[in-house]
Amino acid sequence: MYKGQKSVRANIEDFLCPFTDMYITQGSRGIFSHRGVYANDIRGKVAGIRYPYYAPCTSKCLKIYPESGQVMWQSLNKVRFANGRIDYATYMTAHDDNVNVVIGQIVNQGEQLGSMGMKGNATGVHCHIQVSQSNDTSWIKNEYGIYRFNNEYDLDDCYFVDYTNILYGMGGNFRTTGQVPIIEMPGSIALDQIIHPGSRVMFDGIFQVDIIKRGTNLFGNTKLTGVSYMDYYNELASSYHWIPLDDFTEVDKYGSEVGQDDIVYGGQSYVINKNVYTVKEIDIDTNSAKLVLNNREIWVFSAFLKEVL
Ligand SMILES: [Zn+2]
């Protein structure tokens, strides 16, 4: 990204690559200090230069470790990652020789976050970066004694590289925002997300079709309803577990409809649903909501529904 760059779609910031020029000198899950962790070391165009880097999203400084020029940051709101996930970002940058932020400080997307450096145990000027796609701030040692977050992802699953010059990307599948289209959700105004009979809801996410029921237009999804292939095989799946496919659209695993033929297969295809439904009943014990899709009552876990206006 360049200084001052912003990227916001459907009120959600895209998580941008903090570097204008990116040369990865040590990749993820490598040796030494990256053993078993999704950490990357980045230098700029010319080795040895302390290039600035910018806030990939509007971020708050949570912790500072002065001896290693290390800062833990967290996004102020949920962001969109390059793998299509929408969640909080918690991330660590290290080796800045001149950390000039304070705990609690908020840096807007595109503003300078720090500079590449050599502070701490660094060989050569670089920025060490590690990203968690969650708001979990646990910073714990793995089996090799290397610090890591929970829910870490590699950089190509995190950053959008619009206006980043990739000098050496170590073979990563880096994407721009144009390659990850957004799913427009009506009613993006924040609601309390407490679902009750009468709530208007949408399916929240991209779902894999786990099982297709032969001879019908119905599918099973373990995540949404809890029905498993073995339930189906053993004929334990009651009628309401099956979801009509009619209101769902086939997408790829990042949510793109481009190039999909709408012929879905169990265990392979992904679908989204952009319709709004009214909740008929709730079941507190299983935290499920009853919806009616194509005249069929189904129970789905509330965690995969999003309340809308
Ligand atoms: Zn490193």
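Ser59 is buried: 28 other C-beta atoms lie within 10 Å of its own. The count qualifies because burial requires 20 or more such atoms. The model is predicted. Ser59 sits in strand 6, which covers residues 59-65. Beyond its neighbours within four places in sequence, Ser59 is in contact with Trp73, Gln74, Ser75, Leu76 and Val107. A separate pair spans much of the chain. Ser59 and Ser288 are 229 residues apart along the chain, and 34 Å separates their C-alpha atoms.

The overall layout is as follows. The domain assignment gives domain 1 as residues 8-179 and domain 2 as residues 200-307. Taken over C-alpha atoms, the centres of domain 1 and domain 2 are 35 Å apart. The C-alpha trace spans about 65 × 35 × 35 Å along its principal axes. The protein holds three helices and 29 strands. It has 309 residues, of which 37% count as buried. Among contacts with a separation of 6 or more, 62% join residues 24 or more positions apart.

The largest nonpolar core has 38 residues. Phe15, Cys17, Cys158, Tyr159 and Phe160 touch the most other members. Several elements each supply at least two residues of this core: strand 3 (21-26), strand 4 (39-43), strand 5 (52-54), strand 7 (70-75), strand 10 (90-94), strand 13 and helix 1 (155-158). Another core lies apart from it and has 28 residues, among them Leu245, Val251, Ile298 and Leu305. Not counting residues up to four places away in sequence, Phe15 touches Pro56, Cys57, Val79, Arg80, Phe81, Ala89, Cys158, Tyr159 and Phe160.

Strand 10 is one of the contributors to the 38-residue core. Five of the five residues of strand 10 are buried, so the strand is largely enclosed by the rest of the structure. Its side chains divide between two directions. Thr90, Met92 and Ala94 point one way, Tyr91 and Thr93 point the other way, and all are buried. Strand 10 also has partners in strand 7 and strand 13. Strand 7 and strand 10 run antiparallel and are joined by four bridges. In this pairing, Val71 stands opposite Thr93. Strand 10 and strand 13 also run antiparallel, joined by five bridges. Here Thr90 stands opposite Ser132.

Lys119 is partly exposed, with 17 other C-beta atoms within 10 Å. That count falls between the two cut-offs, because a residue is exposed at 12 or fewer and buried at 20 or more. For Lys119 and Asp96, the C-alpha to C-alpha distance is 5.9 Å, although they are 23 residues apart in sequence.

Strand 23 pairs with strand 24 (residues 270-273) in the antiparallel sense, over four bridges. Thr249 stands opposite Ile272 in strand 24.

Strand 21 (residues 218-220) and strand 22 run antiparallel, with two bridges joining them. Leu218 stands opposite Pro244 in strand 22.

Note on methods
Residues numbered from 1 in each chain as written. Predicted model: local features only at pLDDT ≥ 70, side-chain atom pairs only at ≥ 80, totals over all residues. Domains from an automatic or database assignment. Contact = placed C-beta atoms within 7 Å. Pairing = 2+ DSSP bridges. Core = buried A, V, L, I, M, F, W, Y, C linked by C-beta atoms within 7 Å.
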